[in-house]
Amino acid sequence: DVLMPVMDGWALFEEVRRRPETAEVPFLFLTVEGDLPKRLRGFHLGADDYVTKPFAVEELHARVERIVARREQVARARRGDEALLGGSVAHLAISDLLQILALNGKDGIVRLEQAGVEGAIVFERGNIVHASCGAARGRKALFRMFGWSEALFRVLPLGDRVPERTIEGPATNLLMDGLVSLDEWNRWKETLPPLDTVLSLAPDARARLSGGPMPPRAALDVLARAREGTTVQEALDGIPIEDAAVAEAICALLTDGVLRGGA
């Protein structure tokens, strides 16, 4: 638990991980503090999971079982007696699979397929260097696949060279950013209109925008597409910014009356 007397959960975690004989012990934070900054602190420290009270006992059991299974997969991969060849994200989440490959410094291509849509994530020495998902590339594609819950995956050899480089930065940072982006997407998609909704500019859009601060880049891209008429899905697919930012921009512009949505 995070809230403990004398030594809180953060300090206990750091002490346990500091000692070589206990550094591999799995850690799951349990706390009433459910706000995102504290949750991210646990992930930044290297925690395996984070559960907010109140919780269902079945959920806690499932999370513990997933942590133990993931650690066993990591141990087998380190021993070299089992290759990570394929499976379903219903049993091994995409973020967990990518963490395993990153921790072990692997080269390879993760091929994913869900509902007829294909995706790929390329690793080089444990670093994610490229991702594609339909027409999306780079971080946008990577973060979109974080939301896939029914995909099948295969881990294939990388081959002689990386086919394309669209991503830079440590894999741990990308995984953290991806989880944050997924949280934001899940929040905004609840208020996002249906994906086939046609977005267009309101007659007084210019007046509503004048005098205010410069809209963020995602909003400018949405406005540019709405001038010609675009669906929500087309905006999400065509704008090379993460889906969460595009969804936020669409919702904000609709709320402000700058955009109209129709059939």
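Leaving aside neighbours within four places in sequence, Thr 231 is in contact (heavy atoms within 4.5 Å) with Leu 195, Asp 196, Thr 197 and Val 198. Thr 231 belongs to strand S10. With a relative accessibility of 18%, Thr 231 counts as buried, where buried means under 20% relative accessible area, exposed over 50%, and partly exposed in between, using a 1.4 Å probe and protein chains only.

The model is a predicted one, in which local features need pLDDT of at least 70 and side-chain atom pairs count only at pLDDT 80 or more, while totals for chains, interfaces and linings use all residues. Residues are numbered from 1 along each chain as its sequence is written, and side-chain values use heavy atoms, with hydrogens and water left out.

The protein chain has 10 helices and 11 strands. These elements are DSSP runs numbered from the N terminus: helices are H or I with at least four residues, and strands are E with at least two. Of the 263 residues in the protein chain, 39% are buried. Among contacts between residues at least 6 apart in sequence, 63% join residues at least 24 apart.

Strand S10 is part of an open sheet of three strands, ordered S10-S9-S11, with antiparallel pairing. Two strands pair if DSSP finds at least two bridges between them. Strands S10 (230-231) and S11 (259-262) stand at the edges, and each has a single partner strand, so one side of each is left without a neighbour in the sheet. Strand S9 (residues 198-201) is joined to S11 by four bridges, and these two strands run antiparallel. Val 198 has Gly 262 in S11 as its bridge partner. Val 198 is also one of the residues in contact with Thr 231.

Helix H8 (residues 217-228) lies across S9, S10 and S11 and runs at about 95 degrees to S9. Helix H10 (residues 243-255) lies across S9 and S11, at about 100 degrees to S11. For these angles, axes are lines fitted to C-alpha atoms, for helices over the stretch in contact, and angles run from 0 to 180 degrees between N-to-C directions.

A second open sheet has six strands in the order S3-S8-S4-S5-S6-S7, again with antiparallel pairing. Its edges are strand S3 (86-88) and strand S7 (136-137); each has a single partner strand, so one side of each is left without a neighbour in the sheet. Two bridges join S6 to S7, and Cys 133 stands opposite Ala 136 in S7. Helix H5 lies across S4, S5, S6 and S7, running at about 80 degrees to S6.

Most residues other than glycine have a negative phi, and most peptide bonds are trans. Ala 115, in the loop between S4 and S5, has a positive phi near 50 degrees, and at 78% relative accessibility it counts as exposed. Arg 125, in the loop between S5 and S6, also has a positive phi near 50 degrees, and it is exposed, with a relative accessible area of 62%. Elsewhere, a cis peptide bond with omega of about -5 degrees joins Lys 53 and Pro 54; Pro 54 lies in the loop between strand S2 (49-52) and helix H3 (57-79).

The largest nonpolar core has 29 residues, and those with the most contacts inside it are Leu 98, Val 110, Leu 112, Ile 121, Ile 128 and Leu 142. A nonpolar core is a set of buried Ala, Val, Leu, Ile, Met, Phe, Trp, Tyr and Cys residues joined through side-chain atoms within 4.5 Å. Elements giving two or more residues to this core include helix H4 (94-103), strand S6 (127-133), helix H5 (138-146) and helix H6 (171-188). Leaving aside neighbours within four places in sequence, Ile 128 is in contact with residues including Leu 98, Ile 121, Leu 142, Leu 174 and Leu 175. Apart from this core lies another, of 22 residues, among them Trp 188, Ile 241, Val 246 and Ala 247.

H5 and H6 pack at an angle of about 60 degrees, with their axes 9 Å apart. In H5, Arg 139, Leu 142, Phe 143 and Phe 146 meet residues of H6 including Leu 174, Leu 175, Asp 177 and Leu 182. By class, the contact of H5 with H6 has seven nonpolar, two polar and two charged residues; Ala, Val, Leu, Ile, Met, Phe, Trp, Tyr, Cys and Pro count as nonpolar, Asp, Glu, Lys and Arg as charged, and the others, Gly among them, as polar.
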